[in-house]
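Work through the two exercises below with the coordinates open, and try each task before reading its solution.

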Amino acid sequence: MSFFQRAVPASKARSAVPEALPWVEKYRPKTMRDITAQEEVVQVLSRTVESRNLPHLLFYGPPGTGKTTTILALAREMYGHESFKSRVLELNASDERGIQVVREKVKNFARIAVAHDPSGKAPPYKLVILDEADAMTSDAQAALRRTMETYSKVTRFCLICNYVSRIIEPLASRCAKFRFKPLNAHDTVGRLQYIGNQEGLRCTDEAYNALVRVSGGDLRRAITFLQSAHRLHPDGHISVKAIEEMAGAVPEAVIDLLWSVWQQTPVAYDQIIGAVSMAIQAGYSAAQILLQMHDRLVVDVTLSSLQKSRVALVFGEVDKRLVDGADEHLQLLDTLMRASRALTGATESSA
Amino acid sequence: MSLWVDKYRPTELSTLTCHQALTGQLKQLANSSDLPHLLFYGPSGAGKKTRILAVLRELFGSGVEKIKLDTRNFTTPSNRAISISVVSSLYHLEVTPSDIGFYDRIVIQDLIKEVAQAPQLDLNARQRFKVVVIHEADTLTRDAQTALRRTMERYTANLRIILCCNTTSRIISPIRSRCLLVRVAAPSVEEIEHVLQDVASKESFALPAPVAKRIIDQSDSNLRRALLMLDGHPPTEGQQVPAADWQEYIQEVAASIVQEQSPQRLLQVRTKFYELLSHCIPAETILKTLAFELMKNVDDQLKPDIAEQAAFFDHRLRCGQKAIFHLEAFTAKFMSIYKRYLISLYG
Amino acid sequence: MLLNCPRSFWERKARAGPKAPGSKEIPQGAPNCLQGLTFVFTGELDSLSREEATDLVKRYGGRVTGAPSSRTSYVVLGEDAGEKKLEKIKTLKIPTLSEDGLLDLIRNEPAKGEPDMAAAMSSKMQLSDKASKSAPSEPAADAAPTKSPALESGEMWTDKYKPKQLKDICGNKSNIERLGQWLRDWYVCNAPVGSDIFTNAQCDCRAKGRRVEHRAVLISGPPGIGKTTAARLVCEAEGYHVIEFNASDARSKKMIEGNLGEMLNSRTMIEYDNSTELHRNAVVMDEVDGMSAGDRGGIAQLIQFIKKTKTPIICICNDRQSPKVRSLANYCNDLRFRRLPKRGVLLTNTYAACIREGLKLQPNAVDHLVTSTHSDIRQMLNILAAWKLARTSLDYDEVKELGKLSEKHVSMGPFDIVGKYLQGQAYSSASVAEKLDLYFNDFSLAPLMVQENYLRVAPSMARSAQADPREASARVLDLIAQASESISQGDLVDSAIHGSQQQWGLMPTHALFSCVRPAYYMHGGMQGMYQFPGWLGQNSKAGKTDRQLADAQARMRARVACDKQEIRKTYVPLLSRAMVQPLLSEGVDGVQSVINLLDTYYLTRDDWEALIAMRLGPESGEQLMKQIPSNVKSAFTRAYNKSNHPTVAVAKKPAKKESGAGLSEQPDLEEALDVDEAPAADSDEDNGDDGIEGDAFIKVKGAGARAKGTTSRRGRGASKSTRGRAK
């Protein structure tokens, strides 16, 4: 009962608060000029916009590097606000995109002639954006082939994907390919700082760097993390630890322990067992631990290349098992014990 | 007369005793204007579900405790009818899609869409969204996770999703990046002891510290297990804290394997494995417990071998269907390794 | 032909090369040089595998037996000869040979003429030909004068040499005798019910000390040994007209009722035809084990018929053990036909046929043919007829080839399959392809059979390290580890086949991993009997308890938020004890506290039993159950059934939640049905009503009429409006 009494003011208070927009959307660059990274791509594309002759496009690159942002900005620039809606069709992986849709929806949109644009500003073709195109079945991709050619006069396509190898060859060959590089740390930090300042956050540079590290060059993730951190710490003080915790990263101290424990001679089995069960009790994800240990392995200077390769082999195998759902505790234990063996060069198993 | 573990389960954030820092953050989140999707992870018995319920209560008030349980039916594309039981209140809905295994994608799509599209009917509810709690999210198939990914974005206006799982290793990264990750570590020894002493004092009996320590040891820092142990064997019965029935059984199996390695013994062990499996002990648990028991019983040198074989067959176990084959193969492998080791020791 | 001596890994290795017989040259001996000699092999030969040596001897007309006896001419000794055999050789004073000795023997023995046996046979044949000529009912004999091939008659050999008279049937004499006796006595013993003769005759039978006969017989036995032929011939000989039904006739309940009934209850024209002796009818139901899905109820109906038939019924089947036939067997006299002894009448008969057709045969060749066809006369004749089309003689090696080509495809039972895999010799004598084929005989059971039994074999591969018993036992364990690893790998392949991927093309791979490879490691001497896979039973048992656990978990779900595995691991050890302890310590007085505990977790009495049964170890559930005095247990059951329990409706019932406000009943069907989507208008009113809301959703067991509340299941508005009006 008390719940309802409290409920009334709460609901009133709620309606006053405007729906918070995710920062990813809020700070998405709206024009080509706003895009700070990917200079070469942006430059080439800007020129095609001026010439009003756009080829079919294929954007590929890791997530969070601005592919979707770029094409949306481009489209907005070309069509202006009015004709954007009627001239651009955007489909992504969550929309039904089986062969049926390609044959009907996409084709129907593509074949429509372009209405005369009174302003004369918009180019005489429409744009179909197929986001996450590598998730389309190869049948559906094959069905696109002919459509792209037949209606190229009135419709241009833009395919966006992470892995260009997942796009069938005939489609890829019809497009101008643009590779989006992972953003460098400097650009990312700059962008995050801009957002941070806009939102009134007081973050240290270390925190921004930590953000970049945990997001692995994915700007969208970095911004999402920043926003989540802001939610948890509304006062604006965001520490490195908070960022790592939020991203599910394992604290460096834990990695330090796990990293050193298997490199002792003679091998301290009980310490390994202890360290592993500590990490598991704390709830850290074994896959994440592997990932971070691997980062250390790569830059480590004390191990020989042979030792590194052996250990990396173990990491790789265990990672696959983890993806298949194997028990984290056993797998992590096995990893460290085998890694310590790989150091001494002992064969895989005595049996 | 409920068991202590349920009787003394905290229902509100303010009564949670472990992980104070985390509790503070959850409170912050629950009271902020927009709650992100949440992903709770951590070992079992750490208090994930207790925290989820506490967050829900913080969000909606005591209404979430009025739950009902019913069965929803779905039809697969191949026209197979499947049903899944769902726990729900006016404000939230809890589901374990992995119950139906292969078809979990359909549950994700249909059930969650159904919830998302029906707006909050209670105009007086404190939040305008409803919450779907997905248990055992790490066992969702990839298909289901992909379906979830889009659902999370599309229905943000009136739906929040709380995922609960033991590890994030199997959660695909698009989902991880759409959720706020909440790690619930196993409570520390002190925290568990505090809880145990608290229960003991409420039940008005004295809990000697060494007994409490032993319980914590036995329970593997699993708070639920620790409380249930305390309940089953109040220290008045003596200082001994027996392990669970299945743990003792597996310990016996391990001892018998170390004692003798022969085909006949392996056959006996097979019978025992069957016995365990038919008493609902998951094969993964058997393998893991057995491996750690064996490790306890052998020399250091052999530990890496055991760990390696256990990890290897654990993977097999997950990929295969007939658990007994893999358990037996692990045992056979151990016997072979151990026999060779003994021969090398004693000639 | 399986020799029952163990073979070792080395032998297998020697076989591994293609026709290169190892170190020694195989001499080309004179034909039939070993004629009349009997050999026994023991131990491992240097260069020849047991099989090759056997072939060699047989090729030259010698005989090979398994154990030495007084009739053995030579024993060929190899390494590790069996001790028993050596002893016997000493006592019987049989000359022994080494492998070289055997080869020398072949090199040096002079050729021997046509086998004596063949000569004897042909003379015998002439006699029997004469005899059969005198019988008018033998067209084959007419058409085939002695030694002249009867190519011109287009008849199939199987028909041509089909026994035409009772005495022509070879083997199973006593069964045929009994069949004849039964038919003769039939009308005496089974006269129409109610007639005086009936009882009298029965009494008569009893008086004579004979057992009361059934009204039908069931003839069972493997195919091709002349069951149908025997039945027909006996009927004819006893003066019955045969009405035959076989698998080509529909034999459902209806058909049997209609056709058979009419037929049996009417009389045939033949009965009135005095020109023939066949006055009475006999029904032959052939292939009764083939009465399958389409013939629903057929067997049952047949049994009904047998109970009151006025005509003798002869049922014939292959598989006496099939469950369908077993019920039938209770109403029939049981006649089991056996395969003919290898060297018995069968051999003679085939031989006779060949001679008559002008096909030259070596005795050993026939011998092998009989083996490879599993004594199926029909098959043998077919093979020979086909061979005769092109050639006129057949020797041992050719038969061997032939036998392999036309090897009778007996579908093998799981026990045969596992034997072929794990029995050392059978394993070594088959090629990989053959071993793969074995799997396909029963691909669902074969892997399970291998898994069940591979630990019960003493692997031959471990034997080469006999020197040190410790080393040997370690080797056995190594092999077991490898075999079990392979089986485990096989399971992964199996999941790819039967899982979501449906990769049926992987089946040979599965065969390899789950059967062939384990058998490679483990083949050897079987210790004890092959067991039927325990996995099947255990799996369904595990499935059942798992469902019980899931049920219990679904009910506990309202109170406990953990999955069923956690429930089992953490709650069950405690619950199972807590649910029994009060009954043990307080007896009847403890009943109420147990019921309270169950109610708290919404568990039922069935859950009570299931959860307790899940307990393992020294205080296992079974034992706990036994400890409960039966009066306490029944008091508990009574008390439980008497009282009302809060339940969490699981399937398609209105779900509700227990409330602290007691169990006052408020049936409100109207309200429950009135569930428009409109949210309750007055929230204040709602607030006041929280307690009653709970009540409205309480379902007390036994209040069946409230099931209609189902409608309120969907949508939140439903419960709202209910609540609004419930006051």
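Helix axes here are lines fitted to C-alpha atoms over the stretch in contact, and the angle between them, taken between N-to-C directions, runs from 0 to 180 degrees. The model is predicted.

**Exercise 1.** Describe how helix 22 (residues 446-453) of chain C packs against helix 24 (residues 507-522) of chain C, and state which residues make the contact.

*Solution.* Begin with the geometry: the axes of helix 22 of chain C and helix 24 of chain C come within 9 Å and cross at roughly 30°. Because angles under 35 degrees count as roughly parallel, helix 22 of chain C is roughly parallel to helix 24 of chain C. Next, take the handedness, which for the crossing of helix 22 of chain C and helix 24 of chain C is left-handed. Then list the residues in contact: helix 22 of chain C contributes Ala446(C), Pro447(C) and Val450(C), while helix 24 of chain C contributes His510(C), Ser514(C), Cys515(C) and Pro518(C). Sorted by class, this contact has five nonpolar residues, two polar ones and no charged ones.

**Exercise 2.** Trace how strand 3 (residues 81-88) of chain B pairs with strand 2 (residues 68-75) of chain B and with strand 4 (residues 92-95) of chain B.

*Solution.* Start with strand 2 of chain B, which runs antiparallel to strand 3 of chain B and is joined to that strand by eight bridges; within this pairing, Leu69(B) stands opposite Val87(B). These two strands form a hairpin with five residues between them, and in the turn Asn79(B) has a positive phi of about 65°. Continue to strand 4 of chain B, which pairs with strand 3 of chain B in the antiparallel sense over three bridges, with Ser88(B) opposite Leu93(B). Strand 3 of chain B and strand 4 of chain B likewise form a hairpin, with three residues between them.

Key: Residues are numbered from 1 along each chain as its sequence is written. Chains are lettered from A and ligands numbered from 1 in the order in which they are written. This is a predicted model: local features need pLDDT of at least 70, side-chain atom pairs count only at pLDDT 80 or more; totals for chains, interfaces and linings use all residues. Side-chain values use heavy atoms; hydrogens and water are left out. Helices (H or I, at least four residues) and strands (E, at least two) are DSSP runs, numbered from the N terminus. Angles under 35 degrees count as roughly parallel, over 145 as roughly antiparallel, 65 to 115 as roughly perpendicular and the rest as oblique. A crossing is left-handed if the near helix is turned anticlockwise from the far one by less than a right angle, and right-handed if clockwise. Contact means heavy atoms within 4.5 Å. Ala, Val, Leu, Ile, Met, Phe, Trp, Tyr, Cys and Pro count as nonpolar, Asp, Glu, Lys and Arg as charged, and the others, Gly among them, as polar. Two strands pair if DSSP finds at least two bridges between them.
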